[in-house]
Amino acid sequence: MAVLILAPFVGFLINGVRYKKHSGNVAGSIATVAVAISFISAILLVVDLVSMPAEARRIAVSFFEWMAIDKFKVNAGFVVDQISAIMILVITGVGTLIHLFSIGYMHHDKGVAKYFAYLNLFIFNMLLLVLGDSLLVMFVGWEGVGLCSYLLIGFWFTDKEKAAAGMKAFITNRIGDAAFLLGMFVLFITFGTLNFSELNALAPTVAESSWLGALTLGTMFLFIGATGKSAQIPLYVWLPDAMAGPTPVSALIHAATMVTAGVYMIVRLNPLFIMAPNTMMVIAIIGAATAVFAATIGITQNDIKKVLAYSTVSQLGYMFLAAGVGAFGAAMFHLMTHAFFKALMFLGSGSVIHGMHEEQDIRKMGGLKKYMPITHITFLMGWLAIIGTPLFSGFFSKDEILAYAFHSPLGSPILWAAGVLGATLTAFYMTRLMALTFWGKSRVSDDVHPHESSAIMTIPLIILAILSVFAGWIGVPHVIGEHLGHMPNFWEHWLHPLISPIPGWTAIDHTTEWVLMGCSVGLATVSAIVAYQFYVKSPETPKKIAESIKPVYNTVYNKYFVDEAYFGFIINPLVSLSKNTWYYIDVNFIDKMTFWAGDLVRGMGSFARSVQTGNMQQYAMYIGIGVVVALSFVIMR
C-alpha cells in the first residue's frame with residue numbers, strides 16, 4: 001500500500017525539482033510511470049481483496065501514530081476494502097490515461113514539468129482522501145486536492161481570468177470545508193472517535209427524527225462540505241469556471257478524482273447517514289434539483305468544455321440523488337461509469353481543441369468527423385453512454401438510480417420525475433454538442449485546418465471508449481440479467497457487506513421496473529432525435545425558438561444570473577463591509593489610538609531625556625530646587 005500511495009508523491013518530487021525543464025516527454029514519462037506504478041499496486045491489492053471471504057475483505061495498515069491528546073488518538077492509517085478498492089482503481093487507472101494524454105497535449109507548454117508535478121501531487125492527495133481510515137486523514141487529502149485544484153485551474157496564472165478561476169475554486173471549497181470541520185467536531189463530541197469503522201459500528205439502530213439531533217447536524221454539516229467539493233447547489237459555481245485550466249486537468253477533476261469526493265464520503269459513512277432521514281431527504285432534493293438545474297444551463301452553452309462542465313454538475317446530482325434515497329451502491333456505480341465516459345469526453349474535447357488550434361466555440365465547428373475519425377467515434381461512445389442508451393454503461397447506472405428514486409421508501413415519484421427530466425435534458429444538450437461539433441455542415445474558418453490528434457492522445461480515448469461501453473455490464477439489473485442467461489449482478493454482490501439496507505425496502509416488481517426504464521429511455525430517445533433535427537436538419541429552428549422566448553433564453557444563457565446574485569447580495573456587501581470596517585475601525589480608531597499612545601509615550605520619553613543631560617551642575621541645580629521646595633512645603637505646613 002505504501003507503493004500505491006507514495007509513487008505519485010515521488011513523481012511530484014522529481015518533477016518538482018526539475019520544474020524549470022522544458023522537456024514534456026521526460027516530465028510526462030516520469031509522471032505517467034509514477035501513476036502507472038500506483039495502478040499496478042492497486043490491481044494487486046484488489047486481487048488480494050477478492051481472494052478473501054466476502055465479510056472479511058479489508059486490508060488495513062497503520063504507518064505511525066499521528067497525534068495523541070489524552071484519549072484522542074489518530075494513526076496515519078489506511079484501508080482498502082470494497083468501497084476504496086473501486087476508487088483506487090478509478091483514480092489510478094483513469095489518472096494514468098489522463099497523464100498519458102497530457103504528454104501529447106502539453107508538450108509545447110513551457111511549464112510542463114511543473115504541470116506534471118502538480119498532476120502527480122493531485123493523485124497523491126486523492127489517494128490519501130480515499131484510503132484514509134478516519135475523517136481526519138481523509139481531511140488531509142480533502143484539503144490537498146483543494147490546493148492542487150487551485151494550482152492546476154490557475155496554472156496559466158498570467159492570464160487574470162484563469163487566475164481568478166483558480167481563486168474562485170479555492171475560496172468556494174473553503175466554505176464547504178468549514179462545514180466539513182464542524183461535522184467532524186459534532187461527530188467526535190457525539191461518538192468520541194473519527195475512525196470510519198468505529199463511527200459506522202456506533203451508528204444508532206433507530207433513525208433520528210429531530211432536525212437538531214447530533215447525528216442529523218453532524219451528517220448535514222458533512223453534506224454541506226460535500227456540496228463544495230462535489231459542486232452541488234449552492235456551491236457549484238466554481239466547477240464551470242474550472243475550465244480555465246488545461247483540458248486534461250478538467251478531465252482529472254471532473255471525472256476521476258476531486259468532484260467524486262463528496263459522494264465517496266457519504267457512501268463511506270452510509271450507516272450514519274441512513275439513520276438521519278432528514279439529512280437524506282435534503283441530499284436527495286439537492287441532488288435532483290442540481291441534476292435538472294445544471295442540465296438546463298447546458299442546453300445554451302457554446303463552449304465545448306462548459307457544456308461538459310455543466311454535464312458533470314448534473315451527473316453528480318444523480319449520484320447525490322441516489323445517496324439521498326439510500327441507493328449507495330447505485331451512487332458508486334454511477335460514479336464509476338461516469339468517470340469513464342466523462343474522462344473520455346473531456347479528453348475528446350481536448351483532442352478537438354488541439355485539432356482546431358485552440359478553438360472552443362462549437363458554433364465555429366461542425367463536420368469534424370471527417371477530419372477527426374478516431375476522436376469522433378470515441379466521443380460517440382461517450383455520448384451514447386451519457387444519454388443512457390440501452391446496454392451502454394451509463395444506461396445501467398442511471399436507470400438503477402431512477403428505479404431507486406421511485407421505489408425507495410426514502411424516494412418519491414417527484415424525485416423520479418426530476419431524474420427523468422434531467423435525463424431528457426441531458427440527451428438534448430449532449431446531442432446538440434455532438435451535432436454542432438462533429439455532424440452537419442462545417443462552420444470551420446478557412447484559416448483553420450482540423451486534424452486528428454497523435455496516437456499518444458487517441459490511445460487513451462480508445463481505452464476509455466471501450467470502458468464506457470462495457471463497464472456497466474458488471475452491474476446488470478436482475479430484470480435484464482434474467483433475459484441474458486441469468487447474468488449475475490457482480491456490483492451488488494461486491495458492495496453488499498458494506499452497504500446498509502434501506503429501512504422498509506421491498507423488492508421492486510419487474511413490471512414497474514420495465515415501465516420506469518421505458519419512460520426514461522423513451523423520453524431520452526425522443527429528446528435526442530429532436531436535438532438532431534434542430535441542429536443538423538434544421539439549424540435555423542433553434543435560433544427562431546430562442547428569439548421567440550428571448551427573456552427565458554437569456555436567463556438560462558446567463559446561468560440564471562446566479563454569479564451576479566452572489567456578487568450583488570453576498571460578495572459585494574461583504575467587501576463593502578470589510579472596507580468600511582477597515583476604514584472606520586482600523587484606520588480611524590485603532591490606528592489613531594495607537595498613534596496617540598505612541599506620541600504620548602514618545603513625548604514623555606523626550607521630556608525624560610531632556611532632564612538627563614549628564615551635566616553635574618544641572619543635576620545639582622535640580623537637587624537644590626527640590627530641597628528648597630521640600631523645605632518650603634514643611635515650613636508652610
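In which helix is Phe567 found? Phe567 belongs to helix α25, which covers residues 562–610, helices being DSSP runs of H or I with at least four residues, numbered from the N terminus.

The structure is a predicted model, in which local features need pLDDT of at least 70 and side-chain atom pairs count only at pLDDT 80 or more, while totals for chains, interfaces and linings use all residues. Residues are numbered from 1 along each chain as its sequence is written, and side-chain values use heavy atoms, with hydrogens and water left out.

**Domains and surface**

The domain assignment, which is automatic or taken from a database, gives domain 1 (193–227 + 273–537), domain 2 (550–585) and domain 3 (588–636). The centres of domain 2 and domain 3, taken over C-alpha atoms, are separated by 57 Å.

Phe567 is partly exposed, at a relative accessible area of 43%; here buried means under 20%, exposed over 50%, and partly exposed in between (1.4 Å probe, protein chains only). Together with Phe569, Ile570, Ile571, Leu574, Val575 and Leu577, Phe567 forms a nonpolar surface patch with about 690 Å² of accessible area. Such a patch is made of residues with over 30% relative accessible area and no salt bridge, nonpolar side chains (Val, Leu, Ile, Met, Phe, Trp, Tyr) being joined within 5 Å.

**A buried threonine**

Thr426, in helix α18 (residues 413–438), is buried, with a relative accessible area of 0%. Leaving aside residues up to four places away in sequence, Thr426 touches Ser314, Gln315, Ile386, Ile387 and Lys398, where contact means heavy atoms within 4.5 Å.

**Salt bridges**

Side chains of opposite charge can pair when their charged atoms come close. With a salt bridge defined as a side-chain nitrogen of Lys or Arg within 4 Å of a carboxyl oxygen of Asp or Glu, the count comes to 11. The table gives some of them.

| Pair | N to O distance |
|---|---|
| Lys168 and Asp563 | 3.1 Å |
| Arg174 and Asp177 | 2.5 Å |
| Lys550 and Glu547 | 3.9 Å |

The side chains of Lys168 and Asp563 meet in a salt bridge, and this pair links distant parts of the chain, with Lys168 in helix α6 (residues 160–191) and Asp563 in helix α25, 395 residues apart. Asp563 is buried, at a relative accessible area of 19%.

Arg174 and Asp177, by contrast, both lie in helix α6, 3 residues apart, about one turn of the helix.

How values were computed:
Patch = residues over 30% accessible without salt bridge, like charges linked within 9 Å, V, L, I, M, F, W, Y side chains within 5 Å. Areas by Shrake-Rupley, 256 points an atom, 1.4 Å probe, with all protein chains shown as cover. Helix = DSSP H or I, 4+ residues; strand = E, 2+ residues; numbered from the N terminus.
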